Amino acid sequence: MNFKELRDNFRTKKISAKEAVKESLAKIKDDKLNIFINHFEKEALGNAEHIDNNFEDFKDKPLSGVPIAHKDIFCTEGLPTTCGSKMLENFIAPYDSTVVKNCLDAGSIMVAKTNMDEFAMGSSNETSYFGAVSNPWNHDLVPGGSSGGAAACVSANLTTISTGTDTGGSIRQPAALCGITGLKPTYGLVSRWGMIAFCSSMDQAGPFSKDAFGCAALLDAMASYDEKDSTCTKRKEINFEKSLSKDFGSLNVGVIKNIEKLGINEDIINAYETSKTVLTGLGHKLIEVDFSELSSGICSYYVIAPAECSSNLSRFDGVKYGYRSDGEKDIVNLYMNTRSDGFGDEVKKRILIGTHVLSAGFYDAYYLQAQKVRRMIKVKFENFFKDVDLIFMPTTLDQAFEKNRKSDDPNKMYKEDLLTIPANLAGLPAISFPNGFKNNLPIGGQLIGKYFGEDLLLNTTHKIQEVTDWHKMTP
Amino acid sequence: MAQNDSLIKGWQPVIGLEVHVQLMTNTKLFSPAKNQFGEDANTLVDLIDLGLPGVLPVLNEGAMKQGIKFGLATNAKIAETMIFDRKNYFYPDLPKGYQITQLHYPIVRDGIVEVNGKKIRIHQAHLEEDAGKSIHDKYEDKSVIDLNRSGVPLLEIVSEPDIRSASEAVDYLKKIHQIITYLDISDGNMSQGSMRCDANVSIMKPEDKEFGIRAEIKNINSFKFVEKAINFEIRRQIKILEANGVVEQETRLYDSIKDETRSMRTKEFANDYRYFPCPDLVPTNISKDFIESVRKDMDELPEEKQERFISTYNLNEYDAGVICADKQIANFFEEVVKDADIQLAAKWIIGDLNALLNKHDINLAESKIDATNFSELIQKITDKTISGKIAKEVLEEIWATGTKVSEVIDSKGMQQISDEGELENIIETILNENNDQVNAYKSGKDKLFGFFVGQVMKATQGKANPGLVNELLKKKLS
């Protein structure tokens, strides 16, 4: 059952929220893929009962009666929020993030919180303190990251929707590797209040579902102007679900010139070429764009993101909350040992890089330079969008890979994000959807849109999914 | 550049001040927690002040207005766009591990204040958040943290190194204090920490083209200590340089008990704060319209008030200047003279009241004196209920206890004796008891007149109406 079927069944009283939650929880408890960090039976059942008892109030809400899993990066009042780290293993937030609250108000029931790379730093979900997540299509493979648990959860049909966050590809890459649909919204569409920061200037929360329909409904719930987040943009409210049925007419779609030069796997390119014919079949016009310069984005990203994270993670010092190293006699040792023991290697590596690039004498050469590249990429996209309405490209260079294969080679791992990072640097919305299979493993394609053009992204993906079946495949 | 009268042993001190002013706002700079002093520890703390995971700052527009007011009062440039930066360092009373401040794009730059006729330039004034308070002396075996102050808005006012002596530094600081209290942007209370001062001090020879190496003295918390700390530091540097030593660039602490500055950290161990623009706050544009709306909202400045006092109350320039030096005093004066004689009130405020405030080193609000009571004191002098001399005693009493003037006079029987018959009796007794002096006076020793007045005053505990005493004595002795 996909999201729409489940919600329709609730709305027509074929299934109660409580039954849906029970069904979902049964599967979650049986999970062998290490998808979850915590699940919440008592709270979920209580919440479902509340929704069932107030059926009329909830039945028309975008997520009415549907169980949802939240990435464990969103603070949940009174319940653990670990961010995949030992540092926050026992942390219980005293407040709800805006995303969690919005989803609750929209009639969904949180059943569990999903595993993730520690503090969202990783592309394979292997940096989690709570262990790696397995890809539902092949348990020896990674699900991608950092929202690996969230993507695997929907892929394995444990819930029909889940939330993720995307700083450099952390929604789109796992969506591609797990064969589902995932959207990174425009920076500023979804509030960051209560979402534990990794790289504040790029972090953006977004929806996972099997298809564009589920993503649209979940985005309707997630997106809101929030005075608590100064980077949130006030905009005209769009109903994304309704916009799925709109006719945007024939579009100019930018496609990548000389794609074979980007180091992309042949199977991915084949799927890409097939999708191009789907796009032309839908009446869209393809226009080649030169993407070669955008690959410098990865260097810029791996300066800016660590710089911001080195500052954002300073608050985890053992003084106020979270893990604290025992028996320290002075404050310097408390800091050093708390942070040495509480953070994993990948997080520590990025904190060190970030500290270095912001240091006196290196700031201009790294941080400032990276910001210039970032501005250049933004301008480049603005120029693209003078000629095209959307840009289409693969989401990843490769399909899902084996656990431990890339974790020892940071360059290989960081390259995973080559095709997803440019949208983050520019703050643009982008959606990944399944567009092919090879060796019984999914392949993802990606559409990048103009600022606040989520309606067009979802609509176009929806139209593709009306004529293709990739999103219906199940592991 | 050097002014010779400020040379010390042939050395020219060069001083710049960084003044931290806590702004009076309802809430903190980036959180909805209340901005107040003196509440129980950790009761004015929001999720944001705690630096919890996932929280985000939202700028308090009130604090921005306060900053703009200061800029307008010092003829400074107000930023078209201001940007907040993060200053990264670890300290337990800094929950986020960074302070949000403004480095390159402050709200105010290039201001000027006039101190004793000399222009001292303000390099910039920027908004930033205060840290919490670490308390080390409350418990024997642990330090504790109070986060009530965490996130309180500060305006840091950075002068150019235009100051040439410790006393000029104090005058500059007093000027800043006057401006911020007049603008009502801060209470400027140094003992409670709502105004704090760091001083950058170096010395040079008058003929030198470049400044000497400076030391920064941190967190000086009274006008008196500013002067002492700077003077100590100047002497210390002179001693070093005259022994052919080198002054180290370092941060020093002033110890008011030992009256000395001590090294806190040298340049070598200086923090690398890794400033970068705070990504949680977008650059803030300040429109001309907004600035104008703030200007309309501004209170009268000291010079404006002084002029008004001269024209409205017919005060002379000196008196108006002294009264307007402190906004509290100026407001107090206006309250008092609603019912009391203007010139007499001015005289008493400038003289006796000011003397008491100075002696006890407190401000008017901290004292027990209120305007209604003080006004009554002046009225009692005017209507001759008490003499000026008794009035001083009454003032001492209301200063100490805050009792109403009329009650003090009644309970202590301080009313002037103006009853002629009563005074005549007293005078006759005294003249009878002092026959020798009476004879001496009558034989030409005029100076003894004062002796008789004194005796009468002594007998009446000073309550005799002096004019009447004079008149009656003359009559009796003639």
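**Entry 1: ground rules**

I worked with residues numbered from 1 along each chain as its sequence is written, and with chains lettered from A and ligands numbered from 1 in the order in which they are written. Since the model is predicted, local features need pLDDT of at least 70 and side-chain atom pairs count only at pLDDT 80 or more, whereas totals for chains, interfaces and linings use all residues.

**Entry 2: domains of chain B**

I looked up the domain bounds, which come from an automatic or database domain assignment, and for chain B they give domain 1 (4-293), domain 2 (300-411) and domain 3 (420-477).

I took helices (H or I, at least four residues) and strands (E, at least two) as DSSP runs, numbered from the N terminus, and two strands as paired if DSSP finds at least two bridges between them. In chain B I found an open sheet of 9 strands with mixed pairing, in the order 2-6-7-10-1-11-12-13-14. Strand 2 (77-78) and strand 14 (260-266) of chain B stand at the edges, each with a single partner strand, so one side of each is left without a neighbour in the sheet.

I then followed some of the pairings. Strand 6 and strand 7 of chain B are antiparallel over 7 bridges, with Lys118(B) in strand 7 as the bridge partner of Val115(B); these two strands form a hairpin with 2 residues between them, and Asn116(B) in the turn has a positive phi of about 50 degrees. Strand 7 of chain B is also joined to strand 10 of chain B by 7 bridges, in antiparallel fashion, and there Leu127(B) has Leu155(B) in strand 10 as its bridge partner. Strand 13 (residues 250-255) and strand 14 of chain B run antiparallel with 6 bridges, and Ser263(B) in strand 14 is the bridge partner of Arg252(B).

Which strands does helix 3 of chain B touch? Helix 3 (residues 223-242) packs on the sheet against strand 1 (12-22), strand 11 (195-204), strand 12 (215-220), strand 13 and strand 14 of chain B, and its direction makes about 25 degrees with that of strand 11; angles run from 0 to 180 degrees between N-to-C directions, and axes are lines fitted to C-alpha atoms, for helices over the stretch in contact.

**Entry 3: two helix pairs in chain B**

I found helix 8 (residues 342-360) and helix 9 (residues 371-382) of chain B packed at an angle of about 120 degrees, with their axes 10 Å apart. That makes helix 8 of chain B oblique to helix 9 of chain B, because angles under 35 degrees count as roughly parallel, over 145 as roughly antiparallel, 65 to 115 as roughly perpendicular and the rest as oblique. Leu344(B), Ala345(B) and Trp348(B) in helix 8 meet Ile378(B), Ile381(B) and Thr382(B) in helix 9, a contact of 5 nonpolar, 1 polar and no charged residues.

The axes of helix 13 (residues 435-442) and helix 14 (residues 448-459) of chain B come within 9 Å and cross at roughly 145 degrees. Here Gln437(B), Ala440(B) and Tyr441(B) in helix 13 meet Leu448(B), Phe449(B) and Phe451(B) in helix 14, and the residues of this contact divide into 5 nonpolar, 1 polar and no charged.

**Entry 4: chain A and the contact between chains**

I noted that chain A is divided into domain 1 (3-251 + 390-472) and domain 2 (314-369). Their centres, taken over C-alpha atoms, are separated by 29 Å, and 12 residues of domain 1 of chain A are in contact with 10 residues of domain 2 of chain A.

Methods. Contact = placed C-beta atoms within 7 Å. Nonpolar A, V, L, I, M, F, W, Y, C, P; charged D, E, K, R; others polar.
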